[in-house]
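The exercises below can be worked with the structure open beside the text. Each task is followed by a solution in steps.

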Amino acid sequence: MSATLDRRSFITLAGAGGLAVTLSSAPGAAARPAADRLQRAYVLVLDGCRPDEITPLLMPRTSALRSSGLNHPYASSVPIMETIPNHVMMMTGVRPDRSGVPANSVYDRSLGVVRDLDKPSDLKARTVIERLSRDGFTTGTVLSKEYLYGIFGTRATHRWEPAPIVPVSGHAPDAFTMAATLAMLEQHDPNLMFVNLGDIDRMGHSDVTGPVDLRLLRQAALASTDLQVGRFVDALKAAGRWSQSLVIVLADHSMDWSRPDAVISLQPAVDADPLLAGKVVIADNGGADLLYWTGAAAQHDAAVARMIAIAQATPGVLSAHDPRRTTWLRTGPVGGDVVVFCRAGWRFSDPALHSNPIPGNHGHPATKPIPFFLAGGHPRVPRGASASAEARTIDVAPTLTDFFGLGAPKGGYDGQSRLPRRR
Amino acid sequence: MTQTSRPVPRRTILASAGALTAATAASAAASAGVAAKPGQEHRVFQHGVASGDPRPGRVVLWTRVTPSPDATPGSGRGSAVDVEWEVALDERFRKVVRRGTARTSAARDHTVKIDATRLAPDTWHFYRFRVGRHVSPVGRTWTAPRATASPDNLRLGVVSCANLQAGHFSAYRHLAKRDDLHAILHLGDYLYEYGPGQYGYGQSDVDVRSHVPAHEMVSLADYRQRHAQYKQDPDLQALHARYPFIVTWDDHEVTNDQWAEGAQNHQAAEGDYAARRARAHRAYDEWLPVLMEGTAQVGDGTRLFRELTFGKLAQLSMLDLRTHRDEQVPTTTPSPVPTLEARVSDPERTITGRAQLDWLLGALRRARPQWKLVGNPVMIAPVTFAQLPTDLVDPVNDVTGILPRDGAPYNVDQWDGYTDDRRELFTHIRDRRLRDVVFLTGDIHSAWACDLPQDIATYPLSESAGVEFVCSSVTSNNLKDITGTPARTSSLVVEGIIQANNRHVKYLNFDDHGFSVLDVTAARAQMDWFVIGDRRDPAAPASWSASWATASGANHVVPVAKPVA
């Protein structure tokens, strides 16, 4: 019988490499899973990683892991190709019009501000984390970014608050994230662990050599994160968990780099329009701009048409959409009245030209491809196989519920399990 | 042609073959309009059978009947005739699943083209035709998987440029011997327009076999007779009977270096070019198992660009790069000497036509299957010299328009002569990060494996839009044949110069003839090149030459140690 905790408790452990790791656990939670709950699933998100970056030369451990299991070479992030919505889609299995989380940055009409969707209450759908907890499984979140830690809140049985946080980037380096992951593995051994490794993304954003295809910082991060993946696999095997494990490795989006002269700023353009001036707020998501009409409802349709026309006439814009009519977007009401994507090699900078100085961005269709593969020693994981079906971030939750035998939630999933059907 | 078809009730299947034989034998030749002299067996099916454009649960079936000895191709003679057809799951036709009747006449040169529907997807079928007591050879064909299926692989024989005068079609024979393919992808120059002595074997243009009619094909009768001649080649007949074909045309199906309003090999004395092309297209529609204008009807339109899908694994966009293109840019230097003619980059010039390019962009953008294969009659990989980065060239051209965008091309009949279409297509691929785009190409009588650089001058530091595999010719002359030099001598020098100046060209063979096999799985697409012996030898052997592959998501080609089979 496992010991139980009667309030959210904190423990500080000495992690691998001597790093101190503080974990918290839900009130009343079992410190470890029940003995009859043998399955283990791990979702490792290599934040911002491109599928073509996982090569035997640059990322040997990750590459070998991919070759060992079921690879989905045709895998995609889902609009908006940003971190928060795609992590939410992984854990909910539903699109943003159902989860309420379409982008990192949105205009909050009630508060009248542009803000990140980083509050637990922003997430309106039930996560697989909660569904597993309800069915007696234990869960853990080890998320390197502050806003991910924020939005998933205390949903997991056990969680780690990212630390130390790198100024500006708002994330904890992968060495610390992996130390926390291994500490949680050792201390609580949850049935499900959801881990975000943020270095690849953060180094990509700031890599000024990206636009000339050198990506020096980025490549260093890829090699470094690969070591962390290797540590994780080694730890699983050392703990004797490998044969019970499903390891899902994917990214939330990929990355594209823009030069300083390939910047789009729509705010000045809409403010120069007589109909739109002063009545449009833009939430900049790097590769995607979300435009919100704040004027009279009676002028909404005219304003949307005008915003689309202005955006489409702007160099660097790939496409502009009215989400009510672009059915594949499914960004929902939180996602703005017009969604604008940039071309590859460009970025948005709103509300001003200097608002977004970073070269690496995502959110636009060029950042759709992601790595996505299933590994682990569990018998349900195919060995050395590839599948041509398109896998998406939204498939993670259905895959997990399939693995744990939970079934679909009310209303069904928008994604589908990537495990082979049970025989 | 009127076409009727009906499904076969399951319980009648086993009895159907015998019943059909008895019924048709009783009706015999008279009712079918077949004339045969007493004591002399007239062959009604002289041109074999064929199938094409496999789709989920449907495929085009084809044959040509000769109802009377005088009803020769292009003659305009012979009575109308009803042709029965049937499709079975077994070679002995004990499990017939579809049958019908089609009427044909001299108005369509007695060809028969059926869109056989409601078949099982991803299934091998057998088919045959019957006129009275005359039964065609049995053909075998395959239907594509459903859109929701996940096939393990797709394997295509890949061919182009089969000039009957230049030799025997051993490449076809060796493909027909294989049992591991799903279909044959023919990338154009299925037949040639020239008369005897005009374009044959080697530097001296010796005719290994002579074309019929014995002059350049210009009239409708000419085109029909030439198609008929090719369809009587035993190797081509065997391959058609063995696998469904997926075809597009290049220039020689009409005449050399054709473009929208003319051709290098069309002179004023040969009449109106548009009329000539219409005749060529008419004969092509009649004589090939292909969907034109999306149907198997003959004469309802000539749109050849179309899309085929193979489950979640692959889609194949077949292009027509002759009908809608602008005229090739005149060059001050003879091909293959590179030219610095800036008009190749004029945005007003097109190789696809606006409608086809929009269709292709949409097909790639909407694609649900993993691999986006493009049946591409002429090379899209830039093959140029003296390249400059596009970041430098574009601003210069904005002001002056004096430089070809991707360097000085050696062949302006390819996409290199229409670089703005290529720029738009590659930009489209980059903007949406479309993955696993593979161009499959013919035309150039040589074997190539290339990456497709977004910016040729800075490659490989810059990105690749996909890859291109180019098959060699079945028989048409290549570099060594034209120069009259031994294989692997002067060609090596040319290949070396091209590859040194085009770092994305990873494999190049200017010397051999043969066929290729493309194998696509979720993990990779691999092209194997096979070369044949002397084209003059009707029994020429074939041997494996090289293999290159691209891993999913990689956008570059790598050598492979052995063929898939």
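**Exercise 1. An edge strand**

Task: In this predicted model, determine how many residues of strand 1 of chain A are buried, and find which strand of chain A pairs with strand 1.

Solution. 
- Step 1. A residue is buried if 20 or more other C-beta atoms lie within 10 Å of its own. Among the six residues of strand 1 of chain A, the count of buried residues is zero, so by this cut-off the strand is hardly covered.
- Step 2. Six bridges link strand 1 of chain A to strand 2 (residues 20–25) of chain A, and the two pair in the antiparallel sense.
- Step 3. One pair can be checked by eye: Leu13(A) has Val21(A) in strand 2 of chain A as its bridge partner.
- Step 4. Strand 1 (9–14) is an edge strand, as is strand 21 (385–386) of chain A, and each pairs on one side only.

**Exercise 2. The sheet and the helices across it**

Task: Give the order of the ten strands in the open sheet of chain A, and state which strands helix 8 of chain A lies across.

Solution. 
- Step 1. The order in chain A is 1-2-9-8-10-3-11-20-4-21, with mixed pairing.
- Step 2. Within the sheet, strand 3 (residues 40–46) of chain A runs parallel to strand 11 (residues 245–250) of chain A, and six bridges join them. Val45(A) stands opposite Leu250(A) in strand 11 of chain A.
- Step 3. Helix 8 (residues 216–238) of chain A lies across strand 3, strand 10 (192–197) and strand 11 of chain A, at about 175 degrees to strand 3 of chain A.
- Step 4. Helix 1 (residues 60–68) of chain A also lies across strand 11, together with strand 4 (70–71) and strand 20 (372–375) of chain A. The angle of helix 1 to strand 20 of chain A is about 70 degrees.

**Exercise 3. Enclosed helices**

Task: For helix 11 and helix 7 of chain A, state how many residues are buried and what the buried residues pack against.

Solution. 
- Step 1. In helix 11 (residues 396–404) of chain A, eight of the nine residues are buried, so the rest of the structure largely encloses this helix. Among them are Leu400(A), Asp402(A) and Phe403(A).
- Step 2. The buried residues of helix 11 of chain A pack against strand 3, helix 2 (83–92), helix 4 (128–134), strand 10 and strand 11 of chain A.
- Step 3. After helix 11 of chain A comes Gly405(A), with a positive phi near 75 degrees.
- Step 4. In helix 7 (residues 199–206) of chain A, seven of the eight residues are buried, so this helix too is largely enclosed. The buried residues include Asp199(A), Asp201(A), Arg202(A) and His205(A).
- Step 5. The buried residues of helix 7 of chain A pack against strand 3, helix 6 (174–187), strand 10, helix 8 and strand 19 (360–361) of chain A.

**Exercise 4. Backbone exceptions**

Task: Locate Asp189(A) and His445(B), and decide whether each is buried or partly exposed.

Solution. 
- Step 1. Most residues other than glycine have a negative phi, and most peptide bonds are trans.
- Step 2. Asp189(A) has a positive phi of about 45 degrees and lies in the loop between helix 6 and strand 10 of chain A. It has 17 other C-beta atoms within 10 Å and is partly exposed.
- Step 3. His445(B) has a positive phi of about 60 degrees and lies in the loop between strand 20 (437–441) and strand 21 of chain B. With 26 C-beta neighbours inside 10 Å, His445(B) is buried.
- Step 4. The bond joining Pro79(A) and Ile80(A) is a cis peptide bond, with omega about -5 degrees. Ile80(A) is in the loop between strand 5 (75–76) and helix 2 of chain A.

Conventions: Residues numbered from 1 in each chain as written. Chains lettered and ligands numbered in written order. Predicted model: local features only at pLDDT ≥ 70, side-chain atom pairs only at ≥ 80, totals over all residues. Pairing = 2+ DSSP bridges. Helix = DSSP H or I, 4+ residues; strand = E, 2+ residues; numbered from the N terminus. Contact = placed C-beta atoms within 7 Å. Axes fitted to C-alpha atoms, helices over the stretch in contact; angles between N-to-C directions. Buried ≥ 20, exposed ≤ 12 C-beta atoms within 10 Å, placed from the backbone.
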